[in-house]
Amino acid sequence: SDLLSAIQILVLYDALDEFNVDKVVEYVVGLQQPDGSFIGDKWGEVDTRFSFCALATLSLLGRLDAVSVDGAVQFILSCMNFDGGFGTTPGSESHAGQIFCCVGALAIVGRLHHVNADALGWWLAERQLPSGGLNGRPEKLPDVCYSWWVLSSLKIIDRLHWIDKDKLSAFILACQDEETGGISDRPGDMVDPFHTLFGIAGLSLLGDETVKPVNPVFCMPEESLTQLKFKPQQLID
């Protein structure tokens, strides 16, 4: 994820030409395993988060052809569950963060037709609680960061209208500290950059015009991606 974040920052500042792209590609290619998955580092942990980070990094560099996309897709699909969601590895429970990673990865490589949009959309919509906030899996507390993980997935599969946008927007704004301007995970908690980013990105997906349009796959301003001439797939109902 650190590598992807670094590439995203370079894209934002139009500075990819100052990076050794070939070495980055070589490194990412070396992380792919025979089953199509990607490890996160030399210790060999496999997780669908790494699949997303690898494919997103290569797509921003215009080098998706360097890895086995078919293999990557097959591994991601092996992590799909009966409820339409995705887990970290085959057999793991569905989780909103992993769903974003898997749906985002499939969007990057144009394979969203494999997703059961209605089943997945229902599971994601059920993450909204009476407070208006979203959680990452059943029986958990709401958290502003899921305003991104859940909303972005719903946006990609064209099911954003299945949640109460006004209640979610009110929840996010209730988490903003009036003195510092930052956003926390829940109202009254300590603010931090992580939740501030995802709160703002969530507001963008909800249509808040005071925030620039954010791409639901890369969590980056749409305007920063136009120069790359790369547009991830999104479903249209």
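Predicted model: local features only at pLDDT ≥ 70, side-chain atom pairs only at ≥ 80, totals over all residues.
## A buried arginine

Arg159 has a partner, Asp118, and their side chains form a salt bridge with 2.9 Å from N to O. A salt bridge is counted when a side-chain nitrogen of Lys or Arg lies within 4 Å of a carboxyl oxygen of Asp or Glu. This pair ties together distant parts of the chain, 41 residues apart: Arg159 sits in the loop between α7 (146-156) and α8 (165-174), while Asp118 belongs to helix α6 (residues 117-125).

Residues are numbered from 1 along each chain as its sequence is written, and side-chain values use heavy atoms, leaving out hydrogens and water.

Searching the whole structure turns up 9 salt bridges. One of them joins Arg63 to Asp22, with the closest N and O atoms 3.1 Å apart. It also links distant parts of the chain, 41 residues apart: Arg63 is in the loop between α3 (48-61) and α4 (69-78), and Asp22 is in helix α2 (residues 21-29). Arg63 counts as partly exposed, at 27% relative accessibility.

Then there's Glu45, whose side chain meets that of Arg49 in a salt bridge of 3.8 Å, N to O. Glu45 is partly exposed at 41%, and Arg49 is partly exposed at 37%. Shared partners join Glu45, Asp47 and Arg49 into one salt-bridge network.

## The chain as a whole

Zooming out, the protein chain has 10 helices and 0 strands. These are DSSP runs numbered from the N terminus, with at least four residues (H or I) for a helix and at least two (E) for a strand.

How does the radius of gyration fit a compact globule of 237 residues? The globule would be near 18 Å and the chain has 17 Å, which agrees; the radius is taken over C-alpha atoms, and the globule rule is 2.2 Å times the number of residues to the power 0.38. Along its principal axes, the C-alpha trace spans about 45 × 40 × 35 Å. Of the 237 residues, 52% count as buried.

Definitions and conventions
Buried < 20%, exposed > 50% of the residue type's maximum accessible area, 1.4 Å probe, protein only.
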